[in-house]
Amino acid sequence: MLKILGISGSLRAGSHNRRLLEVAATELPAEVSFEIYNGLGDIPPYLEEEEGDPTPESVTALRDAVHAADAVLLATPEYNGSIPGQLKNALDWASRPFPDNSLRNKPVAVIGASTGLFGAVWAQAELRKVLTTIGATVVDAELPVGQAHDAFGDDNRLADPDLHKALADIVKQLVEAAKAA
Amino acid sequence: MTASTQALAGTFVADQVHSSFQFTVRHMGVGKFSAKFDDFDVTVVGDEQGVRVEGAVRVESISIKQPDFRGHVVSGADFFDGSNYPELSFRSTKVALNDDGTAQIDGELTIKGITKPFSATGTYLPVTEDPWGGLRSGVDFEATVDRRDWNFGWQAPLPKGGDALGWQVTLTAHAELVKQA
């Protein structure tokens with residue numbers, strides 16, 4: 001069974017991006033399992049590991065979760081036009097050791113939601129750049145969900161049908177990339 | 001051929017419930033964003049000198065609720081700068097109500113202390129008696145302006161090219177005019 005890991009860049013309870021991941025999960029085929037990673041808040045600030053230093057347990061857990069997944073779907077908010085520091089920090093940990101890290105050649109896709117008009121479009125672009133640098137296989141698509149407080153319908157779908165279809169398309173591309181990997 | 005004086009003789013004000021003043025701007029190159037102002041005053045006077053219109057909308061009454069987004073649009077110097085300029089106002093210099101129901105209004109639009117000539121086209125409906133014995137008319141106008149003319153300079157390039165927010169803004173006014181005793 002294919003496994004997809006969801007990572008939300010927001011730590012907030014009731015995060016729009018976590019909800020976006022949950023909506024994305026409804027578009028997965030039955031033979032694909034989906035799990036949302038919950039450890040982002042436990043990752044310490046990045047510090048290059050030196051020989052003999054124990055790797056923080058939370059970092060090992062993140063690397064293991066990424067490693068065990070066939071693909072990763074990241075949903076990011078946008079802070080000051082860019083990626084939340086906590087998400088970047090976690091990816092910096094996940095990128096080590098380079099180049100044989102858990103994200104290497106891993107199919108990944110980026111989506112995002114913000115309460116402004118632009119749906120974290122700049123954060124998504126920067127996140128794709130970071131993931132490409134790390135060596136992941138990045139789906140070349142974006143999903144800016146703006147005005148996130150009004151973007152979700154009651155039926156676990158995005159209220160805008162075109163946007164929901166775009167989300168389903170990205171999920172489909174990610175699943176295809178995972179099957180091909 | 002105009003029928004200005006006959007069409008709207010007397011003093012009329014825009015009904016607060018059945019009138020709307022809205023702007024629409026393209027965002028992300030594909031979508032459209034609209035918001036309206038709920039607090040406004042519009043007075044129309046028709047006499048032997050023709051028809052004159054004066055109106056104002058209050059920035060604070062904009063229909064954006066999310067606090068960060070609202071804060072930027074209402075207070076941002078690159079948007080409405082509402083604490084310094086709490087109102088947008090308009091006064092007509094020429095109103096043409098044509099026999100075929102079309103209309104043109106020329107005047108001056110003042111936003112953020114900047115007054116510029118402004119023209120809108122639309123339609124009007126002749127005065128009719130409402131069920132409560134009052135007299136009403138309806139007018140619909142639309143105009144497209146370049147927001148830079150009123151110093152709404154906010155812009156950001158999209159990651160994949162193009163402007164985040166269109167420079168052209170469509171203004172639409174629907175006013176249900178109620179004749180004053």
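A:Asn105 lies in the loop between H3 and E4 of chain A, where helices (H or I, at least four residues) and strands (E, at least two) are DSSP runs numbered from the N terminus. The model is predicted: local features need pLDDT of at least 70, side-chain atom pairs count only at pLDDT 80 or more, and totals for chains, interfaces and linings use all residues. Residues are numbered from 1 along each chain as its sequence is written, while chains are lettered from A and ligands numbered from 1 in the order in which they are written.

Phi of A:Asn105 is near 60 degrees, a positive value in a residue other than glycine. A residue is buried if 20 or more other C-beta atoms lie within 10 Å of its own, exposed if 12 or fewer, and partly exposed in between, with C-beta atoms placed from the backbone. A:Asn105 counts as exposed because it has 10 C-beta neighbours inside 10 Å. The loop between H3 and E4 of chain A also holds A:Pro97 and A:Pro99. A:Pro97 is joined to A:Arg96 by a cis peptide bond, with omega about -10 degrees. Another cis peptide bond joins A:Phe98 and A:Pro99, and its omega is about 5 degrees.

A positive phi near 60 degrees is also found at A:Ala120, again a residue other than glycine. A:Ala120 belongs to the loop between E4 and H4 of chain A. With 35 C-beta neighbours inside 10 Å, A:Ala120 counts as buried.

Next comes helix H4 of chain A. H4(A) has 14 residues, and its first and last C-alpha atoms are 20 Å apart, close to the 20 Å expected at 1.5 Å a residue; the expected span of a helix is 1.5 Å times one less than its number of residues. Its buried residues are A:Val121, A:Trp122, A:Ala123, A:Gln124, A:Leu127, A:Arg128, A:Val130, A:Leu131 and A:Ile134. They are covered by elements including E3, H3, E4, strand E5 (137–138) and strand E6 (144–145) of chain A. After H4(A) comes A:Gly135, whose phi is positive, near 110 degrees.

The last helix to consider here is H5 of chain A. The 20 residues of H5(A) should span 28 Å at 1.5 Å a residue, and the end C-alpha atoms are 28 Å apart, which agrees. Buried in H5(A) are A:His164, A:Leu167, A:Val171, A:Leu174, A:Val175 and A:Ala178. Seen down the helix axis, these buried residues fall within an arc of 100 degrees, so they line one face of H5(A); the arc is that of the directions from the helix axis to the C-beta atoms. The face turned away from the buried side carries the exposed residues A:Asp162, A:Lys165 and A:Ala180. Among the elements that cover the buried residues of H5(A) are E1, H1, strand E2 (32–36), E3 and E4 of chain A.

In soluble globular proteins, nonpolar side chains tend to be buried together. A nonpolar core is a set of buried Ala, Val, Leu, Ile, Met, Phe, Trp, Tyr and Cys residues joined through C-beta atoms within 7 Å. The largest such core has 54 residues, of which A:Val72, A:Leu73, A:Val108, A:Ile111 and A:Leu174 touch the most other members. Elements of chain A that give two or more residues to this core include strand E1 (2–8), strand E3 (71–76), strand E4 (107–113) and helix H5 (161–180). H4(A) gives the most to this core, with 7 residues. Apart from it lies another core, of 35 residues, among them B:Val42, B:Phe79, B:Tyr124 and B:Phe141.

Chain B has 2 helices and 10 strands. Along the sequence they follow the pattern α-β-β-β-β-β-α-β-β-β-β-β. The C-alpha trace of chain B spans about 55 × 30 × 30 Å along its principal axes. Of its 181 residues, 27% count as buried.

Finally, the two chains meet. 10 residues of chain A are in contact with 9 residues of chain B, a contact being two residues whose C-beta atoms, placed from the backbone, lie within 7 Å. On the side of chain A that touches chain B, the largest share, 3 residues, comes from H4(A). That side of chain A divides into 6 nonpolar, 4 polar and no charged residues. Here Ala, Val, Leu, Ile, Met, Phe, Trp, Tyr, Cys and Pro count as nonpolar, Asp, Glu, Lys and Arg as charged, and the others, Gly among them, as polar.
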